[in-house]
Amino acid sequence: MKIGIVGANGYSGAELIRLLARHPKAELEMLISHRTKGTMLTAQYPHFQHIAEAELEDMAPDEILNRVDVLFFATPSGVAKDWIPCFLEKGLKCIDLSGDFRLDNGEAYRRWYRREPAAQNYLDKAVYGLSEMNAFRIKYAQLIANPGCFPTAALLGVLPAISGGLIDPSFIAIDGKTGVSGAGRNPSLGNLFAEVNENTGAYKVGIHQHTPEIERFIKEFGEQEAKVTFIPHLVPMTRGILCTIYAPLAKKVTTEEVRQYYKEVYKGRKFVRIKPAGSFPSTKEVYASNYCDIGVYADERTGRLTIISAIDNLVKGASGQAVQNMNLLFGLAEHEGLDAVPVYP
Ligand SMILES: NC(=O)C1=CN([C@@H]2O[C@H](COP(=O)(O)OP(=O)(O)OC[C@H]3O[C@@H](n4cnc5c(N)ncnc54)[C@H](OP(=O)(O)O)[C@@H]3O)[C@@H](O)[C@H]2O)C=CC1
Ligand SMILES: CC(=O)N[C@@H](CCC(=O)OP(=O)(O)O)C(=O)O
């Protein structure tokens, strides 16, 4: 398969290159960047020396169409929605890592992303790429809306509890923590070492764009209306997302019963690992890998369930899941190119 990447010089673009450079069926055909066009990828990312020595290019849509079988958009929200319609009309398969096609309601996109949405017919065409929950539809998609990093961790964590009727969905609180690479490679004041190091704080309280995405897919996959309190925090690490999710138990269950139920839901799903009882994930356990690790605790004293999920934001939270979706889309084994063992320490 010939691969094109728009936004190849950003963090998630580079992570796509890292994974696809070792994918047995993928060939990196076209790496697109505007600001750094004409430079070598290794000038931006020296770790690719002798691995991916391509030049970064800037291309007109017509030239892209004839050269690739699938096009990834690793661009900020607001870009893919303008590019993708012309590729869809010509039959090209596209995987968008941004938020442009994750909400089916243009009004919600306008409110949370503060931009004009894509036309409704394109929003309707997009299939949400939460691989473990939507594999059947992903296989037949033309446009995949790859999930956001927090929604991936939050939904994989909370959906079994909802579909199993274990929790009351009217009060779900999600405390998210992320590493700084989640903000991308574009420099900004808030992401300077001196600002982030030895510091932790909440941001976008009440206005984070992943809130409606989490609520939408609780409804679609869990068949329950939910208004979630989602509060993200920036912590001084490079990679990783940890979501701690709290909800009232809807029935009397033990931690072991919840664990067994989660294991049943994710049976055969290689990238979701349920922790042993009394053990909870940390971001290092999944570092640079496509795993999502989940630990659960049913607190009989308070009548609440706590679910803790960990992913690497750039892999399962972005480029790894995008490759997993590409595998599904092209009828390949889901784990092709994604077998890397987490890096520890
Ligand atoms: N970082 C993460 O952990 C995650 C990121 N994502 C999503 O992935 C996408 C990329 O994020 P990330 O890699 O972090 O971002 P970066 O800022 O690191 O990279 C963004 C890329 O987009 C390109 N770009 C910027 N503006 C435009 C434009 N107007 N037209 C075309 N290309 C443009 C940039 O290159 P150039 O300007 O040279 O063209 C750059 O290559 C975002 O939508 C983000 O939300 C999703 C989940 C997790
Ligand atoms: C640390 C940090 O700033 N993280 C970003 C991650 C967002 C992201 O990548 O998501 P979209 O694809 O929805 O834009 C944030 O919380 O907004």
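**Exercise 1. State what share of the residues in this predicted model is buried, and describe the overall fold dimensions.**

Solution.
Step 1. A residue counts as buried if 20 or more other C-beta atoms lie within 10 Å of its own. By that cut-off, buried residues make up 47% of the 345 residues in the protein.
Step 2. The C-alpha trace spans about 60 × 45 × 40 Å along its principal axes.
Step 3. The protein contains 12 helices and 13 strands. Its radius of gyration is 20 Å, close to the 20 Å given by the globule rule for 345 residues, so the protein is as compact as a globular protein of that length.
Step 4. Among contacts with a separation of 6 or more, 71% join residues 24 or more positions apart.

**Exercise 2. Divide the protein into domains and describe the side of domain 1 that touches domain 2.**

Solution.
Step 1. Domain 1 covers 2-147 + 316-329, and domain 2 covers 150-312.
Step 2. The centres of domain 1 and domain 2, taken over C-alpha atoms, are separated by 25 Å.
Step 3. In the contact there are 18 residues from domain 1 and 25 residues from domain 2.
Step 4. On the domain 1 side, the elements giving two or more residues are helix H5 (106-113), helix H7 (131-139) and helix H12 (315-329). H12 gives the largest share, 5 residues.
Step 5. By type, this side of domain 1 has 9 nonpolar, 6 polar and 3 charged residues.

**Exercise 3. Describe the shell around ligand 1.**

Solution.
Step 1. There are 29 residues around ligand 1, of which Gly7, Gly10, Arg35, Ser98 and Gly184 come nearest.
Step 2. Helix H1 (11-20) and H12 are the elements that give two or more residues to this shell. The largest share comes from H1, with 3 residues.
Step 3. The shell around ligand 1 is made up of 9 nonpolar, 18 polar and 2 charged residues.
Step 4. Domain 1 and domain 2 each supply at least three residues to the shell around ligand 1.

**Exercise 4. List the residues around ligand 2, then sort them by type and by domain.**

Solution.
Step 1. The residues surrounding ligand 2 are Ser77, Ser98, Gly99, Gly148, Cys149, Thr178, Gly182, Ala183, Gln209, His210, Pro232 and Leu234.
Step 2. Sorted by type, the shell around ligand 2 has 4 nonpolar, 8 polar and no charged residues.
Step 3. Sorted by domain, at least three residues of the shell around ligand 2 come from each of domain 1 and domain 2.
Step 4. Ser98 is listed both among the residues that come nearest to ligand 1 and among those surrounding ligand 2.

Methods: Residues are numbered from 1 along each chain as its sequence is written. Chains are lettered from A and ligands numbered from 1 in the order in which they are written. This is a predicted model: local features need pLDDT of at least 70, side-chain atom pairs count only at pLDDT 80 or more; totals for chains, interfaces and linings use all residues. Domain bounds come from an automatic or database domain assignment. Two residues are in contact if their C-beta atoms, placed from the backbone, lie within 7 Å. Helices (H or I, at least four residues) and strands (E, at least two) are DSSP runs, numbered from the N terminus. Ala, Val, Leu, Ile, Met, Phe, Trp, Tyr, Cys and Pro count as nonpolar, Asp, Glu, Lys and Arg as charged, and the others, Gly among them, as polar. A residue is near a molecule or strand if its C-beta atom, placed from the backbone, lies within 6 Å of it. The radius of gyration is taken over C-alpha atoms; the globule rule is 2.2 Å times the number of residues to the power 0.38. A residue is buried if 20 or more other C-beta atoms lie within 10 Å of its own, exposed if 12 or fewer, and partly exposed in between; C-beta atoms are placed from the backbone.
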